[in-house]
Structure formats: structure tokens, C-alpha cells
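Hi,

Here is the structure I promised to send over.

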Amino acid sequence: MKLFVQIPCLNEEQTLPLVLESIPREIPGVDEIRVLVIDDGSTDRTAEVARSYGAEVLRHPRTMGLARSFRDGVDHALAHGADIVVNTDGDNQYPQERIADLVWPVIAGEADVVIGDRQTSTIAHFSPFKKAMQRFGSRVVSFAAGTDLPDAASGFRAYSRAALLRLNVVTQFSYCMETIIQAGNKRLAITSLQIVTNPKTRESRLFSHQWQHMYLSGRAISRSYLMYRPNVILGWIGVPMLVAGLVPFVRFLVYWFMGDGAGHIQSLIFGTAMLVGALLTFALLVIVDLQRTNRILLEETLERLKALQYDDGREVVRRAEELAASEAVAP
Ligand SMILES: Nc1nc2c(ncn2[C@@H]2O[C@H](COP(=O)(O)OP(=O)(O)O)[C@@H](O)[C@H]2O)c(=O)[nH]1
Ligand SMILES: [Mg+2]
């Protein structure tokens with residue numbers, strides 16, 4: 001088993017040594033541990049610090065964002081034969097000493113993705129409002145993913161190679177939630193591991209303000225819903241419109257049949273507008289659903305392409321054999 005521990009960093013020279021020192025040198029069940037720092041155009045000595053601790057460094061000459069850095073790190077790890085990739089942050093927020101526990105479910109074949117649950121309800125420096133929002137956000141994400149996860153925004157995670165071949169990060173922001181929703185919808189096994197975070201070293205760089213975080217998370221979650229559960233969003237818009245349209249419309253028809261239609265044109269106009277709105281929503285649902293079929297085919301292609309690129313197709317062959325074996329066993 002080859003493990004890559006990747007750390008996306010933007011100007012982390014201060015805290016990076018703490019992170020690199022606390023990464024275990026040996027883990028039961030793991031033959032090789034490699035540490036990869038993705039330096040996203042830092043203007044400080046992040047890359048030098050990383051190298052001085054023997055870490056590999058992938059450097060972007062210009063800041064490209066956290067999602068892109070995550071993807072490039074995963075790409076590098078897969079190309080170098082990683083069986084497991086652990087992601088942690090450069091601000092020493094997460095307890096790297098727990099990496100052995102984090103990867104264990106993956107080694108044991110019990111999980112594809114393991115998420116370090118920060119137990120946000122117990123973090124002292126989180127306000128009650130932030131805790132409530134974390135809980136709510138995690139619920140919404142869990143629902144979209146079809147699993148129950150207490151901490152959807154945690155960046156401390158382990159991924160199996162198979163999971164990384166299947167996951168595609170497309171949005172700029174919040175790959176954290178996106179990967180969970182994708183993983184859930186792709187029927188990957190996701191579990192949580194309770195961790196205790198280290199004391200806060202600095203303010204968040206990703207969000208300057210709570211509201212910005214909420215706005216961006218909300219946007220990312222809505223987009224994921226549109227991608228994976230379009231019937232939820234469009235159903236919630238379309239069905240009330242349909243009802244709101246049918247009631248006055250039928251009312252008008254009743255009056256009209258009784259020969260009293262002239263005074264009820266408002267009902268007709270309002271009802272018709274609502275019915276047109278509902279029709280449009282349902283038409284959108286059909287389009288989104290067709291798009292979804294396309295996306296599934298594209299993702300399937302990408303997965304095979306990645307397998308060819310990284311494994312000479314070994315993974316594809318292995319899974320075909322597995323499938324054939326399970327079919328042979330099935331009655
Ligand atoms: N690649 C990249 N990493 C970033 C960027 N902003 C923050 N990070 C890294 O992302 C991780 C989490 O950032 P942090 O500010 O702690 O956000 P938090 O998750 O809200 O605590 C840290 O390792 C940062 O170095 C960015 O623009 N690009
Ligand atoms: Mg942080």
C-alpha cells in the first residue's frame with residue numbers, strides 16, 4: 001500500500017513545519033508514505049520549507065484555487081501509484097497523528113472515503129450560529145449524498161484509489177461538498193472518524209466572512225442538487241406552481257360552464273401564468289435529466305481513461321474480472 005499525504009498550501013511557511021512534523025513516518029498496513037505539498041503560488045517560503053522537510057512539491061506559478069490544487073495533487077498521486085490519498089490542511093488545523101486511524105477503513109476495504117469529523121458542536125471558537133449552520137449544511141449535503149455524515153466541510157480525509165478514479169471535481173469552490181455528494185451518488189462507501197482539531201492558528205483564508213461562506217456553500221449545494229437530485233429542486237418549484245395554477249384555472253372553468261365567465265378573467269390569467277411556469281419547470285426537468293444521462297456516460301469514459309492513463313487499464317480489467325466472478329457465483 002502506497003499512501004500520499006497531500007497538503008494544499010497558500011502561504012503556509014509559519015504552520016507548515018508543525019504539519020510536516022506531525023505526519024506519521026510509519027503506519028500499519030502501509031508500505032510507503034509520501035508527502036506532497038501543493039504550493040498554489042505562495043509568495044512566502046512555503047516551497048522551501050516543504051522541501052527542507054523532504055516533501056515533494058508541486059508548484060503553481062500563480063494561485064489557481066484550492067479545488068484545482070486538490071485535483072493536481074490527486075493527479076500526481078495517482079500517476080505515482082498511490083493506493084490511498086490523505087488530504088490535510090497547511091494551517092495545522094487537523095491532527096495529523098490520526099492519519100493511521102483515518103486510512104484504516106480504506107486499508108481494511110471497508111470504506112472508499114473517510115472523513116475526519118471535527119465534532120463541530122464541541123469546537124470552542126465556533127459561535128452557536130456557525131455551529132448551527134455547520135449542522136444544517138451537513139444535513140443538506142448528507143441528504144443529497146444519500147448518506148449520513150456529521151461534518152461535510154471537513155478537509156481532513158482519506159480516499160481510496162478507486163474513489164479517486166471515479167470522482168471528478170468540476171467546481172472552483174467547495175470541492176469538499178462536491179466530492180461527498182458525488183461519492184454518495186456513485187455509491188462509494190463513506191464513513192466518518194471523530195477527531196479533535198488543534199487549536200486555531202489563524203483566521204480562515206478561504207472565507208473572509210461567515211456570510212460569504214454561507215452564500216458560496218449554498219450555491220455549491222444548489223448546483224450539486226441540480227446535478228444529482230434535479231427532481232428535488234425543480235419539483236419544489238414546479239409542483240406548487242402547478243397547484244397554484246390549477247386552482248384558479250378550474251375555478252374559472254366552473255364559472256364559465258355556469259355561464260358566468262366574464263367576471264373571472266383574473267383567475268384565468270393568474271392560473272394560466274402559473275401553469276405555463278409549471279410546464280417550463282417540468283420541461284427543464286426533462287432536459288436536466290437527459291443531461292444527467294450524458295454526464296454519466298462522460299464520467300464513465302473519464303474513469304476508464306484515467307484507469308488507462310494511470311494503471312494501463314489494470315483497474316478496468318480487475319473490475320471486469322470481479323464482475324464476471326460475481327456473476328458466475330450468482331445463482
Ligand atoms: N491552493 C490553495 N490553497 C488555499 C487557498 N486558500 C487557502 N488554501 C489552503 O487551504 C487550506 C484551508 O485553508 P484555511 O484558510 O485554513 O480555511 P478553513 O478550511 O476555512 O480553515 C490551507 O491548507 C490553506 O493553505 C487557495 O487560494 N489556494
Ligand atoms: Mg483552517
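Which residues of α5 are buried? Before I get to that, some ground rules. This is a predicted model, where local features need pLDDT of at least 70, side-chain atom pairs count only at pLDDT 80 or more, and totals for chains, interfaces and linings use all residues. Residues are numbered from 1 along each chain as its sequence is written, while chains are lettered from A and ligands numbered from 1 in the order in which they are written.

**Helix α5**

The buried ones are Q134, G137, S138, V141, A144 and A145. Buried here means that 20 or more other C-beta atoms lie within 10 Å of the residue's own; exposed means 12 or fewer, partly exposed is in between, and C-beta atoms are placed from the backbone. Helices (H or I, at least four residues) and strands (E, at least two) are DSSP runs, numbered from the N terminus. Just after the helix, G146 has a positive phi of about 75 degrees.

Leaving aside neighbours within four places in sequence, S138 is in contact (C-beta atoms, placed from the backbone, within 7 Å) with L149, P150, D151 and A152. Its C-alpha atom is 8.7 Å from that of M177, 39 residues away along the chain.

**The core**

The largest nonpolar core has 58 residues, and I84, V85, V86, V103, V113 and I180 touch the most other members. Helix α7 (residues 175–185) gives the largest share, 6 residues. By nonpolar core I mean a set of buried Ala, Val, Leu, Ile, Met, Phe, Trp, Tyr and Cys residues joined through C-beta atoms within 7 Å. Not counting residues up to four places away in sequence, V113 touches R157, Y159, A163, A183, L188 and I190.

**Ligand 1**

Around ligand 1 there are 18 residues (C-beta atom, placed from the backbone, within 6 Å of it), and the closest are D40, S69, G90, S204 and R205. β1 (2–9) and α3 (66–79) each supply at least two residues of this shell.

Cheers

Terms used. Two residues are in contact if their C-beta atoms, placed from the backbone, lie within 7 Å.
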